[in-house]
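Please read the following note alongside the sequence and the model. The numbered points take up selected features one at a time.

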Amino acid sequence: MKVFEGYTRGINLGGWLSQCDNTVETYENFIREEDIRRISEWGLDHIRIPVDYELVEDNQGNYKESGFEYLENGIKWAVKYGLNAVLDLHKTCGYSFDFGEKEEGFFENRKYQERFYRLWEQFALRYGKYRDHLAFELLNEVTDKEYCDAWNRISTECIERIRKICPNIKILVGGYYNNSIEALKDLRWPVDENIVYNFHCYEPLIFTHQGAYWIPTMDLDFRVSADLTYGDIKELSDKLLDGRYTGIDGFSPDEALSSEYFDRLFAEAKAVAEERDVRLYCGEYGVVDRADPQDIVRWYRMIHETFEKYGIGRAAWNYRGKDFGFVDEHMSVVLEEVISLL
């Protein structure tokens, strides 16, 4: 399988230019140049920069120069400190993976789609000069499977329009169920050698999202160890996640979670990538800050073994805040160890 060179070990900058209060204070202070230098000193090779359309567009779709400048600062800092960057459009007008954002209609509305294409043309025109250090991620986490055909059409059109400006820049595409592995087989075959298939992994969700307030069925006081068994995963997921679990078929209920779980879970992604001769990238993975720090280390050790075995590039969620922050207090006692496992 092809390796996504320069994007093997990274971290997300969520909460800076995306999923934030969209204020100058946040744009100028949530992430600063010294943070990028610190990430470089950790020995990572790239950052993923989530961006919401509100950073660079007003309600009418007019462009905001200040927003483009904040984004370019992040790219410039990455280059300065020897890092690459993924520009991830986390939200576009008419669509967000977060239903609370009340963005609707993108997959049916051609005007929203045209606005999406034009925004990517702007990114290509402005940042194509960084093509040796930058990759484009078209859209974060398509949700429903019913959007699959529309998304294949939209992503193909967007790639064609980007290619007229940036013929060789790497472009990341993920699929439904929030960039699930299952969706990779239903993505349109890569149109050229510079397409990268993208997935996310927060499995098993009952561990990585324990006590997560944004899951309606979750008990906020629920806590679980990384030593849970596959039987535990099923029982607890049935109780607190409406049966949302994956990857445990074929394991004994009494068997404890191990790296073999991720070996099997990622096998389909690896097979699809090899069949289509495409690079593979995990754009998000991580554990909520409610988990015990030592259990967080255990989970990262397990998934790290599989990433290394299969040669999959990845970016952990998240550098600061967003309930997963590496530089937040809960990670202080294990930070160096976890960084070594990215």
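1. E33 and K80 form a salt bridge in which the closest N and O atoms are 2.6 Å apart. A salt bridge here is a side-chain nitrogen of Lys or Arg within 4 Å of a carboxyl oxygen of Asp or Glu. The pair links distant parts of the chain, for E33 belongs to helix α2 (residues 33-41) and K80 to helix α3, 47 residues apart. Helices (H or I, at least four residues) and strands (E, at least two) are DSSP runs, numbered from the N terminus. E33 counts as partly exposed because its relative accessibility is 23%, whereas K80, at 56%, counts as exposed. The cut-offs are under 20% relative accessible area for buried and over 50% for exposed, with partly exposed in between (1.4 Å probe, protein chains only).

2. The model is predicted: local features need pLDDT of at least 70, side-chain atom pairs count only at pLDDT 80 or more, and totals for chains, interfaces and linings use all residues. Residues are numbered from 1 along each chain as its sequence is written, and side-chain values use heavy atoms, with hydrogens and water left out.

3. The structure holds 27 salt bridges. One of them joins the side chains of E137 and R48, at 2.8 Å from N to O. E137 lies in strand β5 and R48 in strand β2 (residues 46-52), so the pair ties together parts that are 89 residues apart in sequence. Both E137 and R48 are buried.

4. A further salt bridge connects R161 with E121, the closest N and O atoms being 3.0 Å apart. This pair also links distant parts of the chain, with R161 in helix α5 and E121 in helix α4, 40 residues apart. R161 counts as buried because its relative accessible area is 15%. A network of salt bridges links E114, R118, E121, E157 and R161.

5. Helix α4 (residues 110-127) has 18 residues. From its first C-alpha to its last it reaches 25 Å, close to the 26 Å expected at 1.5 Å a residue; the expected span is 1.5 Å times one less than the number of residues. The buried residues of α4, including F116, W120 and F123, pack against α3 (65-80), β3 (84-92), β5 (134-137) and α5 (148-163).

6. How many of the residues of α5 are buried? The count is 12 of 16, and the helix is mostly covered. Among the buried residues are W151, I154, C158 and I162. Their cover includes α4, β5, β6 (170-173), α6 (176-179) and β7 (195-201).

7. D263 is placed in helix α9 (residues 259-276). D263 counts as buried because its relative accessibility is 14%. Its side chain makes a polar contact with the side chain of K309 at 2.7 Å; such a contact is a pair of N or O atoms within 3.5 Å, where within protein one must be able to donate a hydrogen and the other to accept it, and residues adjacent in sequence count only if both atoms are side-chain atoms.

8. Y213 is found in the loop between α7 (205-208) and α8 (230-240). Y213 counts as partly exposed because its relative accessibility is 49%.

Terms used: Contact = heavy atoms within 4.5 Å.
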